[in-house]
Amino acid sequence: MISPDTPCEAGSFASLTLTYTAGYFGIDDTGSLKIVHRFASDMGKMQFNDPAGWNYVTAEASNGAVLELRYDMKGNIRPWDKTLLIRVQRGFLRDGETITVRIGDTRKGSPGIRIQTFTEPTFEFKVLVDAFATYNYVELPLQPTISVVAGPPVGFKAILPTQRKIGQSFNFGFKGEDKWGNPSHQTKGRFLLEPSLPVKGLPLHIDIDDARLATTLRDLSVEQTGELRVTVRDAAGTIVCTSNPLRIEAALDLLPFWADLHGQSEETIGTNSARELIEFARDQAFLDAMSHQGNDFQITTPFWEELNRLTAEYNKDGQFIIFPGYEWSGNTGLGGDRNVMFRDEGRQIHRSHHALVEDLSDVATDANSAADLFTALKDENAVVFAHIGGRYADIKVAHDGRIERSVELHSDWGTFEWLLEDAFDQGYRVGVLANSDGHKGRHGASHPGASLFGAYGGLSCLLAKDLSRDALFEALRRRHHYASTGCRVHLDTRVRFDSPAQLYGDDPNLGGSVISTVLEARMGDILQCDDDSVTLEIDVSAGAPIERIEIRNRTSVFETWRPYAQPQLGRRIRIIWEGSEYRGRGRQSVWDGTATFEGNSIESFQSINLWNIDKPLHKSQHNQLSWSALTTGGFGGADILLKEGTSGTLKFDTGLVKANINVADIGLEDTVLKTSGGIKRQARVFRMPEENKAFTAKLSHRIPRSKVFEDALYVCITLEDGHLIWSSPTYLLR
């Protein structure tokens with residue numbers, strides 16, 4: 001039994017009382033209880049020593065037996081890892097005697113237990129008992145649950161597609177989010193809609209007076225070319241948000257569709273049911289496409305069959321596409337994580353192993369190594385992409401370009417550009433994806449919350465003829481897609497040739513042949529070209545100002561373009577910390593530290609990619625910022641507006657790097673502060689304009705061809721708000 005039974009707000013403090021009543025056998029001397037909750041939860045870490053501190057927990061036996069309390073983050077079988085162990089250290093319990101556990105005991109000043117930061121209608125405290133002191137735990141038949149709900153909205157999101165033709169219908173999504181990124185049922189009132197272009201079917205306002213989590217306006221269209229952004233105001237006229245840009249074109253051969261192709265539900269290691277995950281993706285994240293990718297060693301045959309029933313039920317051409325699939329979760333030495341998506345339902349799941357699947361009747365279908373997986377899938381209508389999670393995909397161990405067409409550069413776990421560099425080193429021709437691998441039930445809008453997940457979940461934009469499984473599979477196979485760290489941006493890259501180039505229908509290393517002669521190519525294409533130089537055209541529109549665009553050829557940055565030059569720089573200094581410890585688990589790099597501007601003062605500041613609001617950027621003195629932060633491959637940082645543009649010295653002090661820099665020496669180019677060890681683990685300092693209004697860019701750059709390697713031309717775009725966008729490379733062969 002648990003009390004109170006009223007809903008708890010996500011991220012709030014609560015005091016919960018769980019009472020265990022012993023059964024016929026009681027609990028013998030040194031027997032124990034386990035009260036466990038899921039790996040995905042970021043509920044506060046229980047402690048027993050500070051009665052006034054966060055997350056203080058006590059337990060009392062009704063008969064006075066002495067109890068010992070321990071907390072272990074991995075004290076039970078996955079996914080119920082997080083474990084409160086209560087051992088009867090002296091004494092025993094008889095039938096009917098109780099143990100009262102106060103999870104968040106407030107009687108001596110503690111604010112209580114910190115509730116997890118994401119919503120869950122049935123957050124479960126699973127209770128297991130070792131009544132006989134044998135360490136053989138038995139689950140109780142009925143388990144206590146609480147309901148975790150969203151808080152009031154503190155921000156709003158307006159979502160559009162990123163490109164459509166004149167007169168083509170599209171949807172507009174709107175929602176309020178609480179401070180932890182949960183769609184809020186407390187969003188109410190009138191919201192005024194101001195489009196930058198006339199929109200057929202768009203009302204003047206939206207009235208929300210119920211408990212809906214999101215609103216979708218359908219069958220809208222625009223009858224002229226241009227760029228549509230919708231500004232949303234509240235009833236008082238205050239701007240609450242502006243949508244991402246939507247390009248309206250006279251003609252298009254491929255359309256962009258936004259997808260999160262990797263997420264899990266409570267049936268494996270995630271949160272909420274698979275059905276709830278799908279409906280969140282479609283109705284609250286406003287995705288066009290998705291795939292449920294549970295760890296294979298937790299997918300039972302009945303659940304695999306249920307997933308296939310769900311994908312068949314929810315898949316609707318032209319509306320919402322969902323692929324059946326799973327995460328092949330082989331040990332790192334056998335190839336590491338891969339994501340498998342099938343075109344059709346009813347296909348055999350080839351697990352990496354049966355570690356948590358008791359039914360061994362189909363163990364002969366397992367593919368224990370990545371090489372075995374590719375062999376098992378060689379005749380399947382399937383695509384695979386490499387993933388970095390707890391385990392990392394080692395594409396040097398195994399790779400089959402006929403099936404594995406892409407690498408995932410970003411997820412909730414962090415940013416991993418080194419995976420694309422591995423592909424270049426091995427001579428593979430792959431596209432790039434970004435997804436969430438979300439565990440918190442927020443597929444397509446995956447805020448990391450307060451856990452060690454270091455990043456907001458990514459999105460993939462698939463460029464396809466229409467919204468259907470066949471068209472999206474074609475996009476994935478031809479690498480016609482780009483990736484972002486969670487924002488929706490219009491991006492088009494084209495390579496133009498002076499003389500006709502030969503376009504391959506598939507990778508010639510896999511037997512692909514030339515299908516046409518062209519004078520231009522798009523991202524993902526593979527071509528044979530004799531030109532010594534080519535023209536790369538880049539067209540981007542974003543919802544935040546563009547900080548820089550890196551034009552890359554394989555692992556080299558050919559040029560860094562910024563929408564401003566030295567004369568436009570002002571008093572704004574940007575400090576960035578980035579990178580990871582190494583490739584595997586425990587890759588977090590801790591950047592706790594300070595930035596002190598001796599001989600100057602800080603007028604204002606803003607954090608970048610510091611998602612955990614429990615750990616904000618602090619102005620600890622008039623000239624000093626302090627922070628507690630980590631990176632897992634991506635970057636975080638601070639924007640600082642100084643009172644004096646060039647006065648004083650920046651004293652940068654972290655556990656990984658320390659430096660003193662004259663403020664006057666900080667300019668347009670990065671001052672790079674290297675650390676010892678790690679992967680791209682460094683800090684950077686540079687100067688920016690005090691205001692940057694460059695939300696769009698159209699560039700045309702002449703690129704000399706490599707005389708040593710084949711060319712792989714792509715871009716990485718950094719936005720001021722901390723988001724990154726990568727195009728898939730265009731591959732040019734001699």
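Modeller: Buried means under 20% relative accessible area, exposed over 50%, and partly exposed in between, with a 1.4 Å probe and protein chains only. This is a predicted model, in which local features need pLDDT of at least 70 and side-chain atom pairs count only at pLDDT 80 or more, whereas totals for chains, interfaces and linings use all residues. Residues are numbered from 1 along each chain as its sequence is written, and side-chain values use heavy atoms, with hydrogens and water left out.

Biologist: Is Lys74 buried or exposed?

Modeller: Lys74 is exposed, at a relative accessible area of 60%. Lys74 forms a salt bridge (a side-chain nitrogen of Lys or Arg within 4 Å of a carboxyl oxygen of Asp or Glu) with Asp81, the closest N and O atoms being 2.9 Å apart.

Biologist: And Asp81, buried or exposed?

Modeller: Asp81 is buried, with a relative accessible area of 3%.

Biologist: How many salt bridges does the structure hold?

Modeller: There are 61. Another one joins the side chains of Arg233 and Glu194, at 2.8 Å from N to O.

Biologist: What about Thr106: which residues does it touch?

Modeller: Not counting residues up to four places away in sequence, Thr106 has contacts (heavy atoms within 4.5 Å) with Ser15, Pro111 and Gly112. Thr106 is partly exposed, its relative accessible area being 38%.

Biologist: How far apart are Thr106 and Ala367 in space?

Modeller: Their C-alpha atoms are 51 Å apart, and the two are separated by 261 residues in sequence.
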